[in-house]
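I set out to read through one model and to keep notes on what I looked up. The entries follow the order in which I went.

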Amino acid sequence: MPMNALHRRLCRSDRWAARMHGEVLPWALEGVDLAGDVLEIGPGYGVTTRWLVERAGALTAAEVDPRLAKDLGRTMGERVDVRTADGTRLPFADARFDAVVCFTVLHHVPSPAQQDRVFAEAARVLRPGGVFAGSDSRRSLRFRLLHVGDTMVVVDPETLPDRLQGAGFHEAIADAGERSFRFRAQR
């Protein structure tokens, strides 16, 4: 799932971390219980992981890029169980986690069918009553320009609740903000 040089630089920046930590993550996870076993799908450079590790009971991260997974594992040490894994084929037992989260990842999944597979895998690894939550970006000219040469399959927040219900969730919602949307669904 390629990312251009500008996009990679932004995702590692202090500016991006400040926005994610100060605005997006608190908004996206408002009211979500992170006290148990939490799985993060697609941590990338670890900006969201650094925020989550201070709030999750136990944190596991599944990153598809082996180099990023290795770097994140080295950075986080024993605080996070980092696995090289594809979100469409998670290497975890059924009903393993209390919460599954992902942030600004879904638009990097190469097709709606594969996005739906990520949703189904999140449902599979969640315990009954567990929550799947996160956020992603909304389509805009600025967003499109940032993704020139990247994989970019934007998720429509209007249709996302139905897609999540089709993957086995209930009480699925998506709320659109100015530049991003948040979602939540229960297993």
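**Entry 1, strand β7.** I began with strand β7, residues 180-186, in what is a predicted model. I found that five of its seven residues are buried, so the strand is largely enclosed by the rest of the structure.

**Entry 2, the partners of β7.** I then looked up which strands pair with β7, and noted strand β5, residues 126-137, which runs antiparallel to β7 and is joined to it by seven bridges. In that pairing I found phenylalanine 132 standing opposite alanine 185 of β7. Strand β6, residues 170-176, also pairs with β7 in the antiparallel sense, over five bridges, and a hairpin of three residues leads from β6 to β7. Along this pair I wrote down two facing positions: aspartate 175 stands opposite arginine 182 in β7, and alanine 174 has phenylalanine 183 of β7 as its bridge partner.

I next asked in what order the strands of the open sheet lie. I read the order of the seven strands as β3-β2-β1-β4-β5-β7-β6, with mixed pairing. At the edges stand β3 (80-84) and β6, each having a single partner strand, so one side of each is left without a neighbour in the sheet. Ignoring direction, I noted that neighbouring strands of this sheet are turned by 15° against each other on average.

**Entry 4, helices across the sheet.** I looked up two helices that lie across these strands. Helix α2, residues 14-28, lies across β4 (97-103), β5, β6 and β7, and its direction makes an angle of about 40° with β7. Helix α5, residues 112-125, lies across β1 (37-41), β4 and β5, and runs at about 145° to β5.

I turned to the rings, and a search of the whole structure gave four aromatic pairs. One of them, between phenylalanine 92 and phenylalanine 97, is edge-to-face, with 5.2 Å from centre to centre and 90° between the planes. Over the ring of phenylalanine 97 sits the charged end of arginine 96, 4.5 Å from the ring centre. Elsewhere in my notes on rings, Phe119, Phe132, Phe169 and Phe183 are linked into a cluster by ring pairs.

Definitions and conventions
Residues numbered from 1 in each chain as written. Predicted model: local features only at pLDDT ≥ 70, side-chain atom pairs only at ≥ 80, totals over all residues. Heavy atoms only, no water. Phe/Tyr/Trp six-rings, centres within 6.5 Å; stacked < 30°, edge-to-face > 60°. Lys NZ or Arg CZ within 6 Å of the ring centre and 35° of its normal. Buried < 20%, exposed > 50% of the residue type's maximum accessible area, 1.4 Å probe, protein only. Pairing = 2+ DSSP bridges. Axes fitted to C-alpha atoms, helices over the stretch in contact; angles between N-to-C directions. Contact = heavy atoms within 4.5 Å.
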